[in-house]
Amino acid sequence: MSNTFFTFFLFFHFLSVSKDSKGFVSVFHAGEILPLCVEANKSNTGIYGTVCMNTAQGVLHTSLTGKNVSKGVMTTYDATGKSVFGSYKLSTVSSCTQARIQCNKPECGKQPESKPSVSHYIQYGTQALPKEYPWQGLLLRNGKFICGLTVYTSKWCITAEHCVVEKGVQYEVAVGITRKENLPTAPKYKVKAITHHPNSKIIDGIPYSDIALLLLEDEIQFNNSVQPVCLPSKVYTKHDDCYLTGWGRNENLITQNHLQEAKVTVVDNEECKKFYNIDISIICFKHNYPNMPSCYGDSGGPLVCRNSYGRFELVGVVSFGYPLCSAPNGTAAAFVNVLAMRGWIVDKTRCKIRCPKNNKCLYEPEICDGVSHCSDSRDEKSPYCSTSVSCNFGSPFKCGYSNASSSNPWYWTSILHQSPQITSQPSTGGDEDTDEFMIAALSATKDKPALMESPVSSNVPCISFLYIAHSNSSSTQAVLNVKAKVENSSAMLPIWNNNKSANVTLESASLHWKLARLHLPSDTKSVVFEAYYMNPNNASFITIDDVQIQGENCKQNCPANFYKCKNDECIKNTYKCNRIAECSDGSDEMDCNQVPG
């Protein structure tokens with residue numbers, strides 16, 4: 001890579017770049033070229049990264065000390081903004097600091113090997129040369145090929161949303177091969193996190209915003225066989241050279257071992273609407289041969305077009321088409337319109353935090369993920385992470401809940417990281433919105449209990465939460481207590497436990513979630529959940545989910561979708577008349593008119 005300094009002139013969506021030796025950034029705004037200004041005390045890596053990308057200079061290397069100017073253009077983040085920088089609004093200001101940056105210029109969109117022409121198609125296709133499309137990758141699910149993908153940076157790949165909807169599986173990225181038979185020896189990278197487009201949806205069988213970003217655990221090593229693609233810089237027309245690649249089925253619906261390539265033509269929106277009900281997230285391409293150019297197995301793969309500099313830009317992601325890929329001559333296939341997604345891609349793949357000691361770049365999925373990646377743990381603290389007493393525990397950060405004891409181990413964990421010794425537990429979270437909940441490890445004892453403390457808060461009169469304290473033997477006990485930490489005191493006040501009597505008794509063998517509603521002392525600053533086991537076995541467990549702040553009268557009524565027992569307990573409506581007494585007074589099984597048996 002080479003480090004180069006630039007001054008950039010951006011004209012709406014069309015870019016004019018001139019270089020100088022100092023790296024100051026300027027922008028065309030309101031009819032004149034003005035210095036681009038930034039606030040010195042804020043992180044501006046998103047803006048800087050966009051400048052590097054939009055001017056085809058790769059990624060941000062570093063920001064440098066700017067200079068004071070009498071007039072410039074200031075960028076302000078706005079989710080509705082539609083400037084050349086994405087979600088930012090531009091305004092003219094006086095007396096500001098002009099941005100100065102240094103970009104790395106990687107060789108994106110470059111073909112180490114190429115052919116003079118491509119005359120055939122993936123259906124009726126021809127084979128791609130080795131290294132001809134070095135950004136083409138394979139998406140693996142539990143080790144098996146399912147979709148294509150595109151290498152965007154050393155840490156990010158792009159694929160179709162419908163390729164990554166399955167949960168509880170291991171996704172991997174394989175790169176650098178043309179023949180699938182070489183997959184066992186291909187370089188592979190585990191997917192660390194998946195970023196789904198917020199507008200992704202399926203309506204009447206058509207996927208809209210069908211795009212997902214894959215963050216990898218390790219960096220891809222680039223060479224002649226593996227290179228990143230460029231993002232689109234313009235609207236392409238039928239006069240441009242565009243190519244589709246993939247290992248999908250051919251005209252005989254046979255999956256291909258060798259990477260296939262197809263030359264395709266963009267279809268304007270009016271013609272595309274003759275085939276599909278499209279929006280801005282969809283773009284169409286076609287050829288004039290029988291069937292569509294893409295088919296099953298090509299999903300998620302790249303459609304690239306050659307720009308005026310001879311580099312290839314990712315214009316489309318294979319999305320959908322006619323069933324069985326069979327259609328009359330000239331029928332269009334549908335792709336994700338990457339140009340419409342460019343701002344979102346740049347924002348989600350940019351560096352959000354740089355750790356102070358090692359300058360490590362952290363991306364959005366790595367922030368507030370329950371792991372301290374920076375030595376000072378800034379990635380797990382405010383203002384990056386939002387804390388809340390109300391929590392469904394669906395995110396790794398767990399709303400800021402933490403260990404209440406400096407001497408006891410952290411015995412609470414989520415269902416996705418549960419202790420393997422526990423052989424019985426609920427199949428889903430109590431809130432039904434997420435599959436995760438908190439579970440206390442079996443190693444928690446009365447002397448060293450599992451202690452989980454909520455974030456500090458004030459004016460919390462009452463809380464509710466779902467829980468299960470389960471044991472299936474008269475010799476075992478599962479104990480759950482709730483305590484309150486109050487202002488100006490180090491003591492924890494007992495508020496509630498999961499048994500009516502002072503002596504702990506066996507909980508029902510049911511695995512159903514129960515609701516607790518608790519009034520708190522007026523000077524409560526945090527709530528502590530304390531759990532432990534006595535003589536536990538592998539079927540014992542204690543779980544908590546869906547903690548919610550409630551109003552003053554939270555014990556008078558049960559929430560929606562809950563049944564109020566005669567003793568004022570609350571159970572889910574679905575538990576009533578199920579032949580299991582969920583209410584401690586058994587009132588949920590009264591007056592059920594069930595047929596004996």
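How many aromatic pairs does the structure hold? The structure holds 13 aromatic pairs; rings of Phe, Tyr and Trp (its six-membered ring) pair if their centres lie within 6.5 Å. This is a predicted model: local features need pLDDT of at least 70, side-chain atom pairs count only at pLDDT 80 or more, and totals for chains, interfaces and linings use all residues. Residues are numbered from 1 along each chain as its sequence is written, and side-chain values use heavy atoms, with hydrogens and water left out.

**Aromatic pairs**
- Phe145 and Trp247 pair edge-to-face, 6.2 Å centre to centre with 75 degrees between the planes (planes under 30 degrees apart count as stacked, over 60 as edge-to-face, the rest as tilted).
- This pair links distant parts of the chain, 102 residues apart: Phe145 is in strand 12 (residues 144–151), Trp247 in the loop between strand 19 (242–246) and strand 20 (260–267).
- Strands (E, at least two residues) and helices (H or I, at least four) are DSSP runs, numbered from the N terminus.
- Phe465 and Trp496 are also edge-to-face, because their ring centres are 5.5 Å apart and their planes at 85 degrees.
- Phe465 lies in strand 31 (residues 462–470) and Trp496 in strand 33 (residues 492–497), so the pair ties together parts 31 residues apart in sequence.
- Tyr133, Trp135, Tyr243 and Phe312 form one aromatic cluster.

**Burial**
- Trp247 is buried at 0% relative accessibility (buried means under 20% relative accessible area, exposed over 50%, partly exposed in between; 1.4 Å probe, protein chains only).
- Phe465 is buried at 0%, while Trp496 is partly exposed at 21%.

**Lys348**
- Lys348 sits in helix 3 (residues 338–349) and is buried at 19%.
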